[in-house]
Amino acid sequence: QRKKMSHGHGHGHGHGCSHEHNHEEDIEENQGEAWTLYTQINTLGLKCLNEKVKDSIKKVFKPWDQRLDTSTFVESDADEQLLVYIPFTGSIKLKSICIIGNVSRMKAYINKDNLDFGNVEDTPCTQEWNLVQDTSVQSKMEYFTKATKFSNVTQLSLFFDKNFDDSDVSTVTYIGLKGEYLKPLAKPPVNVVYELTPQLKDHKVHGSTNQLSNQ
């Protein structure tokens, strides 16, 4: 089994992005069990802006042993850009990402739920990578994150703004996420919700206006 680290390096790049030059490593074939963060995605909130077929983004998050399946993919529509919004069911520590497709650059943003094509290019990204073009190598590569910046992620946005074909159609067939699931998202106490509901209902039924006018 071969394991190789490139001589990648990072530096500040545009709008405060941390830029990685092909910072990748060959992934050993027996590491599939490590790429299971896709099971912690809140699929109801998962979406992709500018996807040609609605909800096709949900099909590129799949088990490691299905990553070479090109029958499921997301494809851009109006132009080459894709903006993927990935909410998790809890907080995670993201260690690396695997991408298979014709996209050539990826920008990651964490815990930002208001991104769209109107503001994403002016919003500082958390990290940026130039991707590998060789399709025979893509499935064995992982792009490492800056550990301290991705240690408490509840939502991840991935912005692909270029592709190797220099065309208006970007295609991604697999997105793999490697890391650790830390804890579920905090929820409001059940008893608070339970107590507030009847109070509001009582005011409606008995009429708060009449009560106030009688005082």
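Modeller: Two strands count as paired if DSSP finds at least two bridges between them.

Biologist: Why is strand 6 (residues 82-101) said to pair with strand 10?

Modeller: The two are joined by 7 bridges. The rule asks for at least two, so they pair. Strands 6 and 10 run antiparallel.

Biologist: What makes strand 10 (residues 153-163) mostly covered?

Modeller: Of its 11 residues, 9 are buried. Buried means under 20% relative accessible area. Over the whole chain of 215 residues, the buried share is 43%.

Biologist: What elements does the chain hold, and in which order?

Modeller: It has 3 helices and 11 strands. From the N terminus the order is β-β-β-β-β-β-β-β-α-β-β-β-α-α.

Biologist: Why is Cys-98 called buried?

Modeller: Its relative accessibility is 0%. The cut-off is under 20%, so Cys-98 is buried. Cys-48 is at 7%, so it counts as buried too.

Biologist: How many disulfides are there?

Modeller: The count is 0. To qualify, two cysteine sulfur atoms must lie within 2.5 Å.

Biologist: What makes Glu-180 and Lys-95 a salt bridge?

Modeller: Their closest N and O atoms are 3.0 Å apart. The limit is 4 Å, so the pair qualifies. Glu-180 sits in strand 11 (residues 171-184) and Lys-95 in strand 6, so the pair ties together parts 85 residues apart in sequence. Glu-180 is at 33% relative accessible area, and Lys-95 is at 37%. Both values lie between 20% and 50%, so both residues are partly exposed.

Biologist: Why is the pair of Glu-75 and Lys-52 also called a salt bridge?

Modeller: The closest N and O atoms are 3.8 Å apart. That is within 4 Å, so the pair passes. Glu-75 belongs to strand 5 (residues 74-75) and Lys-52 to the loop between strand 4 (47-49) and strand 5, so parts 23 residues apart in sequence are tied together. Lys-52 has 52% relative accessibility; the line for exposed is over 50%, so Lys-52 is exposed. Glu-75, at 22%, is partly exposed.

Biologist: Which residues touch the most other members of the largest nonpolar core?

Modeller: Phe-61, Leu-156, Leu-158 and Leu-177, out of 33 residues. Strands 6, 7, 9 (141-144), 10 and 11 each give two or more residues to this core. Strand 6 supplies the largest share, 8 residues. A separate core has 6 residues, among them Leu-83, Leu-115, Val-120 and Phe-159.

Biologist: What does Phe-61 contact beyond its neighbours within four places in sequence?

Modeller: Tyr-38, Ile-41, Leu-46, Val-84, Ile-86, Ile-175 and Leu-177.

Biologist: Where is pLDDT under 50?

Modeller: The chain averages 82, and 72% of the residues score at least 70. Residues 1-15 are below 50, yet they have 34 contacts beyond near neighbours in sequence. Residues 200-215 also stay under 50, with 4 contacts beyond four places in sequence. Where pLDDT is low, predicted coordinates should not be read in detail.

Technical notes: Residues are numbered from 1 along each chain as its sequence is written. This is a predicted model: local features need pLDDT of at least 70, side-chain atom pairs count only at pLDDT 80 or more; totals for chains, interfaces and linings use all residues. Side-chain values use heavy atoms; hydrogens and water are left out. Buried means under 20% relative accessible area, exposed over 50%, partly exposed in between (1.4 Å probe, protein chains only). Helices (H or I, at least four residues) and strands (E, at least two) are DSSP runs, numbered from the N terminus. A salt bridge is a side-chain nitrogen of Lys or Arg within 4 Å of a carboxyl oxygen of Asp or Glu. A nonpolar core is a set of buried Ala, Val, Leu, Ile, Met, Phe, Trp, Tyr and Cys residues joined through side-chain atoms within 4.5 Å. Contact means heavy atoms within 4.5 Å. pLDDT is the predictor's confidence in each residue, from 0 to 100.
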